[in-house]
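Take a look at the model below. The paragraphs after it walk through its main features.

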Amino acid sequence: MAIYDIKEAKPAPINNRGLVFWLRKNLFSDIKNSLLSLFCIYFLFITVPPALDWLIFSATWSGSQEDIVKDGARWIFIIEKFDQFIYGFYPENLHWRPLFVAALTVAFVASVKLLNNIKLKIVIILLYPFVSIVFIHGGLFGLETVETNKWGGLMLTVIVAAVGIIASFPIGILLALGRQSNMPIVKTLCVGFIEFVRGVPLITILFMASVVLPLFFHDGIDFDKLLRALIGITLFQAAYIAEVVRGGLQAIPKGQYEASESLGLSYWQGMILIILPQALKISIPNLVGSFISLFKDTTLVLIIGLFDILAMVTLTNSDSNWLGYEVEGYVFVTFIYWIFCFSMSQYSKSVERRFNTELK
Amino acid sequence: MSNPPNTPTSSVSFFNNPKNRAIIFQVLALGFVVFLAYYFANNMFANIEARGIETGFSFLDQVAGFGISQTLVAYDDGSSTYSRVFLVGVLNTLLVSGIAIFFTTILGLLIGIGRLSNNFLVAKLSMVYVETFRNIPILLQILFWYNVVLAALPSPRQSLSYFGEYFLNNRGFLMPRPIMEDNSGYILAALILACIGVFFLARWAIKRHDDTGEEFPIFTVGGAIILLAPVLVYFVAGQPISSEIPELKGFNFKGGWVIIPELLALAFALSIYTATYIAEAVRAGIESVPKGQKEAANSLGLKEHVILRKVILPQALRVIIPPVINQYLNLVKNSSLATAIGYPEIVTLFSGTTLNQVGQAIEIILMTMAVYLLFSIVISLLLNWINAKMEIKGR
């Protein structure tokens, strides 16, 4: 019996591999493609090198204003105003407090993910917002009070986004359940609210919250500007969350509802134990999507006079020693937003991909 | 002997009966909402009275007395009323939305198709475009175009000039204004007649195709008729349209059409931002058509453009159109951010200037919201109509 050695597979034919083949297949397959490719290369050639040059190679990274000799970006402006971009007018000696809350947030997320004890989890979830507010606002336990008109910069942006997300979530779920319920009055109220809010731009709701809301309460009750904006944003976001959650609720097979009823569970037991965990899980990608929109929408608070990170661009440029640095400011803020939004959208895509494989 | 069957209701107490509970719960919910509304309204009237603010819509007849940088209808600083301001604002909102929707559709379509291109560079560049502009807040983009790009344009005396008739400077974009002379009405009439004619021609072509299977090049012929008829009439009627070219007089231009920089920045930012969403919708729509459809059409021997027009597009459009229309609505709502750069649309003029002058916050903000609600309702009715029309029939 002859014994044959296993031979190495022959490489692919020379005209089917290598750089030249790749180029020919992907860039120059026919005349139309070649022209398009040439156009793209030309476009990249005229945009990328100057942009990189301005951003990095010719940029001024350190020193003072006198050191600016090159005509690239003057990042020393950002470095000089960095604290203001991050904290706004928050007193400099108290910057550790927002930083501490940021660290607390990381610990909070980690503990919620890792802990198994459900009661401990609930305690932590209820305590976290309270502790954060106390640390940032102060006024309790001997911490110095920092009024909200001193909050600003990235800190304010993140606070507005975080409060909007956390507070709108339960309201949104209730609205979604109301919209799905069989009770005509509750359903009408919920549908009316959701469709009204989704039909108008956020800026009109913010105007409503900042101008009309104070009229709704007794003279004694005084809302500060930030709180009004937060109420407006929360109500706005709740309507969008409600629609996302409704999508999740509708995707749950009817058998799940019937099964929970046949087990003798009450409406709330069935919802909390059976339906919502499944519905929320499949809505995660869309929920993240709506959080991204909210994060981008927080910029609108500058129109009603709060100083978020975008408003800081104009504000830092009104310093008579540092005039005319708008471009650097906008590019820096763009970069910050882009990082936040892009990473969130990548996260939502990865969740989506994970679900897709689970379903198959 | 027959025992009546135990009906569940008889053994369940009143409060445990789901029907009764539903009624009680709803009454409570309604009561809560009514109470809240009563409480708010009560406080509101007390506060309004205490602050001496007027109520009602009589302010609409008062003279506004402020200037507006762009008006599509006759408006006069000295004599026009607040209701005219409202109209000007709505029209300016519609104008910027219309312009932006036009450009964003073209751009979004190109980028969406580009993402599916076989060409590596085109696909990657389209992806970079989408991922970049989608993740930057629209307000930031508007401010950037307005405060950085347009502010860096030269002054009127050093304007960038194109063909000697179009000028770009920091006061806006100037272009020749067509002047309609006596016989120019005929051109419009010719255009309308051509459109009607092409409509009937298309119906005939479809019917003939259904009956005999013969194709009629309706797009080429129809396009030619619509284009050529007005041009022909233009020459026959003795060229009744002339143009007024903007001219530099002193420090600024006189004459011509001026597109104010606020409109440019807003239209630009809205188009670029919304195009990313439209591109994604287009891509998803085309990807939703199963590959087998194209292969089957290929194996039937259909030509490439016929496959696109008769097999791929009809199926893809069903998926593409609803999200795209939603994006149009978002664009209209986002145009309200114009208030940050002072483009005179409804929010700037009404919730901004008018509110500051009149102080009747509730009426003014509700009127502004009503405008957007109206747009939303119109667009969702349109969407429902399209969905009903495009529903797959016979299933």
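**A walk through the chains**

From the N terminus on, chain A runs α-α-α-α-α-α-α-α-α-α-α-α-α. That comes to 13 helices and 0 strands. Helices (H or I, at least four residues) and strands (E, at least two) are DSSP runs, numbered from the N terminus.

This is a predicted model, where local features need pLDDT of at least 70, side-chain atom pairs count only at pLDDT 80 or more, and totals for chains, interfaces and linings use all residues. Residues are numbered from 1 along each chain as its sequence is written, while chains are lettered from A and ligands numbered from 1 in the order in which they are written.

How is chain A built overall? Its C-alpha trace spans about 85 × 75 × 40 Å along the principal axes. The radius of gyration of chain A is 27 Å, whereas a compact globule of 360 residues would have one near 21 Å. The radius is taken over C-alpha atoms, and the globule rule is 2.2 Å times the number of residues to the power 0.38. Of the 360 residues of chain A, 29% count as buried. Buried here means that 20 or more other C-beta atoms, placed from the backbone, lie within 10 Å of the residue's own.

Contacts tell of the fold too. Two residues are in contact if their C-beta atoms, placed from the backbone, lie within 7 Å. In chain A, 64% of the contacts with a separation of 6 or more join residues 24 or more positions apart.

Now turn to the partner chain. 41 residues of chain A are in contact with 41 residues of chain B. On the chain A side, helix 2 (31–57), helix 7 (184–199), helix 8 (202–212) and helix 13 (326–359) each supply at least two residues. Helix 13 of chain A gives the largest share, 10 residues. By class, this side of chain A has 28 nonpolar, 10 polar and 3 charged residues. Ala, Val, Leu, Ile, Met, Phe, Trp, Tyr, Cys and Pro count as nonpolar, Asp, Glu, Lys and Arg as charged, and the others, Gly among them, as polar.

The unreviewed UniProt entry annotates transmembrane regions in chain A, including residues 267–288 and 300–317. Such annotations may be inferred rather than shown by experiment, and their positions follow the numbering used here. Residues 267–288 of chain A are 100% helix, with end C-alpha atoms 27 Å apart. Residues 300–317 of chain A are 44% helix and 0% strand, and their ends lie 19 Å apart.

Technical notes:
A residue is buried if 20 or more other C-beta atoms lie within 10 Å of its own, exposed if 12 or fewer, and partly exposed in between; C-beta atoms are placed from the backbone.
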